[in-house]
Amino acid sequence: MILVGQYDSPFVRRVAVTLHHYGMPFSRNTMSVFGDAKDMQKINPLTRIPSLVLDSGETLIDSVAIVDALDEIAGAARALVPPRGSVRRKILQATALAQGTTDKAGQVVYERHFHTGVALNKDWERRCQWQLEAGLDRLESQCGAPWYFGEQMTHADVMAGCLVGYLDLRLPEAFPPGKFPRLQALSQRCEAREEFVKARISPDETMPTRGK
């Protein structure tokens with residue numbers, strides 16, 4: 001399989017962590033949605049990441065759909081979410097909350113990156129910050145130990161861990177030390193695991209200079 005995208009995207013990293021967790025071998029295509037937009041569009045018409053090219057040649061897009069397919073390949077006994085029931089719904093809801101919170105963090109980052117000075121939309125920035133903080137507050141209040149839902153790592157942990165890693169990289173002011181102790185402890189637990197270590201962001205996986 002070929003994973004398309006760079007690890008500075010928390011959604012690409014989420015897929016990579018899941019692949020490593022399941023022990024599924026893959027190679028990487030680290031093209032950028034900015035510098036390689038035309039080539040990226042040939043893979044995903046939306047010019048977005050991640051994409052995963054399966055051994056069959058089929059291309060999957062969007063981390064939610066990709067991870068769902070990987071769960072199916074791994075089988076119900078190994079999947080990071082049960083196949084049915086109330087526990088599945090709880091895990092998927094927490095994962096969706098972490099995904100949405102990550103989206104809001106990304107919107108703040110991109111607004112600041114591509115709009116400067118008078119072009120920066122302060123109202124939009126404040127709204128996204130407000131939504132981001134609300135998401136983090138809810139995730140913090142729900143987060144258990146040692147994992148989000150107790151004794152086993154699930155997709156909620158993977159997405160929340162990738163969220164915190166992204167905030168540390170791109171928006172540290174949104175995750176100050178001591179404000180979200182449960183999520184901080186969860187992130188540290190995630191980052192110590194082999195799946196996360198193997199999907200660490202390299203120095204050359206960065207956002208482009210403004211305007212490119």
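Me: How many cavities of 30 Å³ or more does the count come to?
Reply: The count comes to one cavity of 30 Å³ or more. On a 1 Å grid over the protein atoms alone, a cavity is a set of points where a 1.4 Å probe fits but cannot get out. Points are joined across faces, edges and corners, and a volume is the space filled by probe spheres set on them. This is a predicted model: local features need pLDDT of at least 70, side-chain atom pairs count only at pLDDT 80 or more, and totals for chains, interfaces and linings use all residues. Residues are numbered from 1 along each chain as its sequence is written, and side-chain values use heavy atoms, with hydrogens and water left out.

Me: What volume does the largest cavity have, and which residues line it?
Reply: Its volume is about 40 Å³. The lining is Y7, D8, S9, P10, R13, C162, G165, Y166 and I201. Lining residues have an atom within 4 Å of a point.

Me: Which elements give two or more residues to that lining?
Reply: α1 and α6 do. α6 gives the most, with three residues. Helices (H or I, at least four residues) and strands (E, at least two) are DSSP runs, numbered from the N terminus. α1 covers 10–22 and α6 covers 155–170.

Me: At what angle do α1 and α6 cross?
Reply: Roughly 135 degrees, with their axes coming within 9 Å. Axes are lines fitted to C-alpha atoms, for helices over the stretch in contact, and angles run from 0 to 180 degrees between N-to-C directions. The two helices are therefore oblique to each other. Angles under 35 degrees count as roughly parallel, over 145 as roughly antiparallel, 65 to 115 as roughly perpendicular and the rest as oblique.

Me: Which residues meet there?
Reply: From α1, P10, F11, R13, R14, V17, T18 and Y22; from α6, H155, V158, M159, C162 and Y166. Contact means heavy atoms within 4.5 Å. By class, eight are nonpolar, two polar and two charged. Ala, Val, Leu, Ile, Met, Phe, Trp, Tyr, Cys and Pro count as nonpolar, Asp, Glu, Lys and Arg as charged, and the others, Gly among them, as polar.

Me: Now α4 and α5. How do they cross?
Reply: At roughly 150 degrees, and the axes come within 9 Å. So α4 and α5 are roughly antiparallel. Their contact includes A94, L97 and A98 of α4 and W124, E125 and C128 of α5. Its residues divide into ten nonpolar, six polar and five charged.

Me: Switching topic. How much space lies in the largest pocket?
Reply: About 730 Å³. A pocket is an open set of points with protein on both sides within 12 Å along at least five of seven lines. It has 31 lining residues, and S9, F11, R48, I49 and Y110 are the closest to its centre.

Me: Which element supplies the largest share of that lining?
Reply: α4, with six residues. By class, the lining has 14 nonpolar, eleven polar and six charged residues.

Me: Where are the cis peptide bonds?
Reply: One joins I49 and P50, with omega about 5 degrees. P50 sits in the loop between α2 and β3. Another joins A145 and P146, with omega about 0 degrees. P146 is in the loop between α5 and α6. Most peptide bonds are trans.

Me: What about phi at T47 and D62?
Reply: T47 has a positive phi of about 55 degrees, and D62 one of about 75 degrees. Neither is a glycine. T47 is in the loop between α2 and β3, while D62 lies between β4 and α3.
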